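Biologist: I would like to learn how to read salt bridges in a model. Please take me through them one at a time.

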Amino acid sequence: MEEAWDFEFLSRIADSCLSFLSEFVEDWLANDMRVSIFKILLSWLIFSLIAIHFAWKVYGNTVNDMYYRQGTGQNGGTPDTAPHLSGWESTAGDNPKAHRD
């Protein structure tokens with residue numbers, strides 16, 4: 001019984017995908033203004049993604065080196081703690097809060 005339900009579910013998904021694709025192809029082949037705008041926007045998106053990909057291949061290491069902090073410490077060149085504070089303690093000398101049940 002369970003296998004029939006799985007087959008019916010997959011059949012419905014395949015039918016809906018096939019009908020969507022057939023409608024999409026019909027609209028794609030039509031000489032409609034919205035299809036022309038869609039084609040222009042789709043080509044612009046693809047062109048932009050390809051341009052970003054090639055620009056990152058060429059300049060990616062340079063950009064990465066510009067923002068990579070070199071040196072020792074917690075984040076590269078920054079010290080582990082501020083010099084006038086000791087760890088998480090405040091300047092008032094308050095004890096840190098402890099978890100109590």
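**Reading the salt bridges**

Modeller: Start with Asp27, which is partly exposed at a relative accessible area of 33%. Partly exposed lies between buried, under 20% relative accessible area, and exposed, over 50% (1.4 Å probe, protein chains only). This is a predicted model: local features need pLDDT of at least 70, side-chain atom pairs count only at pLDDT 80 or more, and totals for chains, interfaces and linings use all residues. Residues are numbered from 1 along each chain as its sequence is written, and side-chain values use heavy atoms, leaving out hydrogens and water.

Biologist: What is a salt bridge here?

Modeller: Side chains of opposite charge can pair when their charged atoms come close. The rule asks for a side-chain nitrogen of Lys or Arg within 4 Å of a carboxyl oxygen of Asp or Glu.

Biologist: How many salt bridges does that rule give?

Modeller: The count is 3.

Biologist: Which residues are linked in a network?

Modeller: Asp27, Asp32 and Arg34. Arg34 meets Asp27 at 3.8 Å, N to O. Arg34 also pairs with Asp32, at 3.0 Å, N to O.

Biologist: Is Arg34 buried or exposed?

Modeller: Arg34 is exposed, at 53% relative accessibility. Asp32 is partly exposed, at 30%.

Biologist: Where do Glu8 and Arg12 sit?

Modeller: Both are in helix α1 (residues 2-29). Helices are DSSP runs (H or I, at least four residues), numbered from the N terminus. Glu8 and Arg12 are 4 residues apart, so about one helical turn separates them. Their side chains form a salt bridge at 2.9 Å, N to O. Glu8 is partly exposed at 40%, and Arg12 is exposed at 57%.

Notes. Helix = DSSP H or I, 4+ residues; strand = E, 2+ residues; numbered from the N terminus.
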